[in-house]
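Subject: Handover of a structure for your study

Dear colleague,

Please find below the sequence and the structure that I am handing over to you. My findings follow directly after it.

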Amino acid sequence: MGGVGMRSLGVPGNIPIWFFVGVLLTIYGALIGGHGVYAWVTHESSVVVLANLHAAVWWGGMILILGLIYCVKFFPRQQR
Amino acid sequence: MILALNAGIASRLSLAAVVAAPPMHGQLAHLTPLDVAVIATYFAMVLFIGFYLRQASSTSEQFFLAGREMTAWIAGLSFVSANMGSLELMGWAGSAYQYGILATHWYWIGAIPAMLFLGLVMMPFYYVCKTHSVPGYLKLRFGESSRILAAFSFAIEMILMSGVNMFSMAVVMKVVLGWNITFSILMSSLAVAVYVGLGGLRSAIYNEVLQFVLIWAGALLVPILGLVEAGGWHKMVAKIASNYRGQDYVHLWRDTGHFNANPMGVHWTGIVFGLGFVISFGYWTTDFLVVQRVLAARNLRAAQMAPIIGSFFKMAVPFIVILPGLLGLVVLQNPDGTLLHLVGENHVSVLHPHSFNEVLPLMMVRYLGPGLLGLGITALMAGFMSGMAGNVSAFATVWTYDIYQPLIRKRASDSHYVAVGRWATVLGVVVSIGAAYLVMHAAGIMDYVQALFSFFIAPLLGAILLGMFWKRATAAGGFWGLLLGILSSVSLFVWVRMDPSALSMVAISPDAKSMAENLYRALWSFLISIAVTVIVSMFTQPKPIAELDGLVYGVTKLPFQEPVPWYQNQWFWAVIVVILFAGLNILFW
């Protein structure tokens, strides 16, 4: 997708957008999935419909995995 | 509810309805600290991107065209994201609740053919002539007067629409979260001003890609959980049929043989020719807001692939917009367990406290717990900000290249024009804020501001199509075709406002509703634009053929493109899109 390759980090614009996407998804996945697991373990009461499906856990988990994949795949590297 | 002209401009014309909603109830949702953290993280990221990219936008090519370095994927996602306003999400989810699956036409026939046409046929001309903007193309093809007319029309439209969007988003935040309107306006507009002003188009595009991902991450869960609760598609359809007897909400084409046979009051001819051709092609191929994203592609093949990639995602958008509206018809309930009926904006009352436009937030509140709700709200904000950034960055380019440079300062250094572009971004945001407050204090002008948009695109399509595909079209023909097309569109609009019975003549049926007016007004103004351009051209002197190279089909030598494997060829993917498009229309016929 991004076609990043080895680039100089000192030059603005060389961190690919996909890395930013990965970072944001990772943060969101950790926050949402983490809270979902906490709520599941502590039996936190919920007012939403289908709370028994624990959407925060699997949706947050999927976002986290996707984010990590993007972070690793598009991690900006110094130009050789 | 006032409906949009096409899916891309859905938010623009459904705003009045959103804004008109009196808050008959308390806020819909309450945010937890986790939700606030999710929203704050988003703002921190978009601002960081703006600061990070500021030094990569020091030349005009970098600031206004992102250095023409974008890959097909980035340009394609940005292309779709720039027109996916949050109010499009809310407005069309509401339309789906009101009109059913007919609203999907604005995403499929109202977008896909035009996107393919832009990529395969028109993009080579935009790209080869190296224009900075659509008015810039008009200048090359028809001369300065056409450029100035289009540039002023476009600049005014962009700023006013940006202001209307801004205010509408603030009202949505007030209704959904109880936020102060001024706080919402300032927070979102300042963020956009900072990241576009610093990083130019590159920053806008980066953030649009980010926002596109967030929109899907935040909104996709709603239809998934909705389908689980409804028991799947077929059970949902059965429940709709049971709950709303005599009304068809699930067929795209079956009931469009007559104006009064479907809830939208439209005829298939209006959908195919008015929406599918004039409005859709006008928006997707001539509106600089979207075309600018594709011009930033790094080569011609990427520029051609970008709209095709975008079309795949555009076809999928109904899943997160239309489907939640349909699901709302069967799953939303009152506290006592009875079916909740949403109503039109004018019928909101204590008995019916929620309008059609609130269906998406209501669905979000129904399914999304802490964190996920913050992500859903972030998706709405991301949609709004991507649309606003699109408006502002396009305005800055048109202002600098098509108004400031030809009319105010013809020759200046490159850095001067970049500075003008940065200040134009700030100016655009400030004027947008002013427009937002103007609308706040005179909500009645909303309809007129939104109609502005429809006045320009159809005549502009006529001028651009003839300019690009008819070498006999002259400068005078292009200018007068554009001008009289705009004037005829305005006249038809005013005529129907002064005499509502005129709608039956504009839309050629006594059963036509307001939606049909939009479709047919566009069709007539397009035809008038074409006719005037042709007639005037026949009596005026055309440009020599040699001057049309790079501008007109048949006399332009397109650059050689290196052969690529079949799976990288734009025509292969266009065929896949056509097959999917046809299949979906048949499936939901």
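Chain A contains two helices and zero strands. Please keep in mind throughout that this is a predicted model.

Chain A

Of the 80 residues of chain A, 34% count as buried.

As background, most residues other than glycine have a negative phi. A:H43, however, has a positive phi near 55°, and the phi of A:H54 is also positive, near 50°.

Is A:H43 buried or exposed? A residue counts as exposed if 12 or fewer other C-beta atoms lie within 10 Å of its own; A:H43 has 7 such neighbours and is therefore exposed. A:H54 has 16 C-beta neighbours inside 10 Å, so A:H54 counts as partly exposed.

The contact between the chains

How many residues of chain B are in contact with chain A? There are 31 of them, and they meet 24 residues of chain A. On the side of chain B that touches chain A, at least two residues each come from α2 (33-52), α4 (72-81), α9 (181-219), α10 (221-230), α16 (359-367) and α17 (372-407) of chain B. The element that gives the most to this side is α2(B), with seven residues. By class, the residues on this side of chain B are 23 nonpolar, five polar and three charged.

Within chain B

The axes of α4(B) and helix α14 (residues 300-316) of chain B come within 7 Å and cross at roughly 50°. The crossing of α4(B) past α14(B) is right-handed. On the α4(B) side, the residues that take part are B:A72, B:W73, B:A75, B:G76, B:L77, B:F79 and B:V80. Their partners in α14(B) are B:A302, B:M305, B:A306, B:P307, B:I309, B:G310, B:F313 and B:K314. This contact is made up of 12 nonpolar, two polar and one charged residues.

B:Q55 is found in the loop between α2 and α3 (60-65) of chain B. With 13 other C-beta atoms within 10 Å, B:Q55 is partly exposed. From B:Q55 to B:R301 there are 246 residues in sequence and 28 Å in space, C-alpha to C-alpha.

Confidence

The predictor gives the complex an ipTM of 0.86 and a pTM of 0.82. Chain B has a mean pLDDT of 82, with 92% of its residues at 70 or more. For chain A the average pLDDT is 81, and 80% of the residues score at least 70. In chain A, residues 1-10 have a pLDDT below 50, and this stretch has 23 contacts in the model beyond near neighbours in sequence. Residues 1-24 of chain B stay under 50 in pLDDT, and the model has 101 contacts beyond four places in sequence for them. Where pLDDT is low, the predicted coordinates should not be read in detail.

With kind regards

Key. Residues numbered from 1 in each chain as written. Chains lettered and ligands numbered in written order. Predicted model: local features only at pLDDT ≥ 70, side-chain atom pairs only at ≥ 80, totals over all residues. Contact = placed C-beta atoms within 7 Å. Helix = DSSP H or I, 4+ residues; strand = E, 2+ residues; numbered from the N terminus. Nonpolar A, V, L, I, M, F, W, Y, C, P; charged D, E, K, R; others polar. Axes fitted to C-alpha atoms, helices over the stretch in contact; angles between N-to-C directions. Left-handed = near helix turned anticlockwise from the far one by under 90°. pLDDT = per-residue confidence, 0-100. Buried ≥ 20, exposed ≤ 12 C-beta atoms within 10 Å, placed from the backbone.
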